[in-house]
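Okay everyone, thanks for coming. Let me put the structure up and then walk you through it.

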Number of protein chains: 2
Amino acid sequence: MERVVIVGSGNLAEALAQAVARSGLQLVQLFARNAARGEAVAALAGTQWTADPARLADADIYLISVSDKAVGEVAAALPLPAGAVVAHTAGSVPLDALPAHARRAVFYPLQTFTKGRSVDFSQIPLFLETDDESLRPALEAFARRLSHTVVWADSACRAKVHLAAVFACNFINHMYAVGEGIVRSAGLPFDILKPLLAETAAKALDAASPADVQTGPAVRNDLHTMARHRALLAADPRLENIYSIISNNIWETSKKI
Amino acid sequence: MERVVIVGSGNLAEALAQAVARSGLQLVQLFARNAARGEAVAALAGTQWTADPARLADADIYLISVSDKAVGEVAAALPLPAGAVVAHTAGSVPLDALPAHARRAVFYPLQTFTKGRSVDFSQIPLFLETDDESLRPALEAFARRLSHTVVWADSACRAKVHLAAVFACNFINHMYAVGEGIVRSAGLPFDILKPLLAETAAKALDAASPADVQTGPAVRNDLHTMARHRALLAADPRLENIYSIISNNIWETSKKI
């Protein structure tokens, strides 16, 4: 599988297009409905853009990187050449969202992608799935051209990985945002939290288990400090609730260790 | 203020003792009740240990780094020399936990400390407070020997900073631990999440505001994916609740931006 078409122009499609282009594989086309983004992403990756199914390029694999709910519809509408592989890149979408008659697969990169932000694709774990046994060696070889970490996982396993990523990425970013809101209410910039944020991540990266390096009032069950914190959040019942249930879960979890 | 005594032998006392020893200030003694930890931390920082108030060394500043609830009692029990400064290092403890007759101050380093883990103290924001105006220049000069970032903050401001740190450190570490639990339930090691974890922190460190780089189903209000995630958590109602209320807060917050 040398010739690749990427379908989509979102943040993941942008990162994927550049990774494919850099890998030595042939990125023969970017297919996307959004003309402005499609042209921009194709240009970044040094390939051509089209939105016209009649002009869809011939390729060995079509990587469909569109919104979760559009995966099935987009895949069904593409006039794929016989024998081509169609793979979607979504963590939480089952394999069978793709047409049953296709040589279908999943190619899920476990990472957060932001427009204009470059990532080292070789470090990103890739989760593969297919129901076409004959496809497995070629799909794995393709994935290994792009990443050092390739994992076979069925849709149920991948759904768990995607859920874990929501906690370990989306919810974490929201905790940063909550922290920012609190320091701003004290007249301080977000920057004041950055050394703490960096060290917290560095500790977890060095840890066998993050539970081993948990600190703070909740793990000590310091009720007095937690009561003061909740009082500071009294004006925002949603945040006070988040504070209470996460603190409770830290304490309940730590007791089991 | 050249001569320093550190009181305590916890994780922060350990980091502080080493930072003072490296700074060129004189770490004249470590005072701690716990003999094993006291001797170990003193040895790490190349100083002497005592638990005997009668042998408390003469110093310019006594940094009290003990558990939040012990600060007042420990400070009151120390036979401090006349004119010496006593400062506690706790984020959420008011200045007036220290004896009113003392030259008292707060010296709060905004960081997470772990036994045996070395940190670059010069990068840690230090929050200072005192009710002795004459002490301010010397306290600030002392703090600047240890860190590039020194901020004056009253107890109310510092309490907010400490609360922000709970979100941006303690809760984040717990989200890592939850993520670990979920990938382990799929038969995968915590390591599989580390590239995502590192990139999430790197993005926030580069961001003016973490809200600008929020990704995931909650910020897209992708109800279908969130319903699938909650179904995966049905066996753990506490986690399902955490998932729901954080997702809700991400969406409610994003609408306001």
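Thr200(A) sits in helix α6 of chain A, residues 194–206. Helices, by the way, are DSSP runs of H or I with at least four residues, strands are runs of E with at least two, and both are numbered from the N terminus. And what does Thr200(A) touch, leaving aside its neighbours within four places in sequence? That list is Thr112(B), Ala168(B), Cys169(B), Ile172(B), Asn173(B) and Tyr176(B), where contact means heavy atoms within 4.5 Å.

Some housekeeping before I go on. This is a predicted model, where local features need pLDDT of at least 70 and side-chain atom pairs count only at pLDDT 80 or more, while totals for chains, interfaces and linings use all residues. Residues are numbered from 1 along each chain as its sequence is written, chains are lettered from A and ligands numbered from 1 in the order in which they are written, and side-chain values use heavy atoms, with hydrogens and water left out.

Now, the two copies. In general, two copies of a chain are related by a rotation about an axis and a shift along it. Here, chain B goes onto chain A by a rotation of 180° with 0.0 Å of shift along the axis, at an RMSD of 0.0 Å. That's the relation of a two-fold axis. The superposition is by least squares on the C-alpha atoms of residues with pLDDT of at least 70 in both copies.

An automatic or database assignment supplies the domain bounds, and it divides chain A into domain 1 (3–153), domain 2 (155–207) and domain 3 (214–256). The centres of domain 1 and domain 3 of chain A, taken over C-alpha atoms, are 42 Å apart. The C-alpha atoms of chain A fill a box of roughly 65 × 40 × 30 Å along the principal axes. Chain A has 257 residues, and 57% of them count as buried. Of its contacts with a separation of 6 or more, 53% join residues 24 or more positions apart.

In chain B, the loop holding Asn221(B) runs between α7 (217–220) and α8 (223–232).

The other spot is Gly72(A), in helix α3 of chain A, residues 71–77. Gly72(A) is partly exposed, at 22% relative accessible area. Between the C-alpha atoms of Gly72(A) and Trp49(A), which are 23 residues apart along the chain, there are 21 Å.

Definitions and conventions
Buried means under 20% relative accessible area, exposed over 50%, partly exposed in between (1.4 Å probe, protein chains only).
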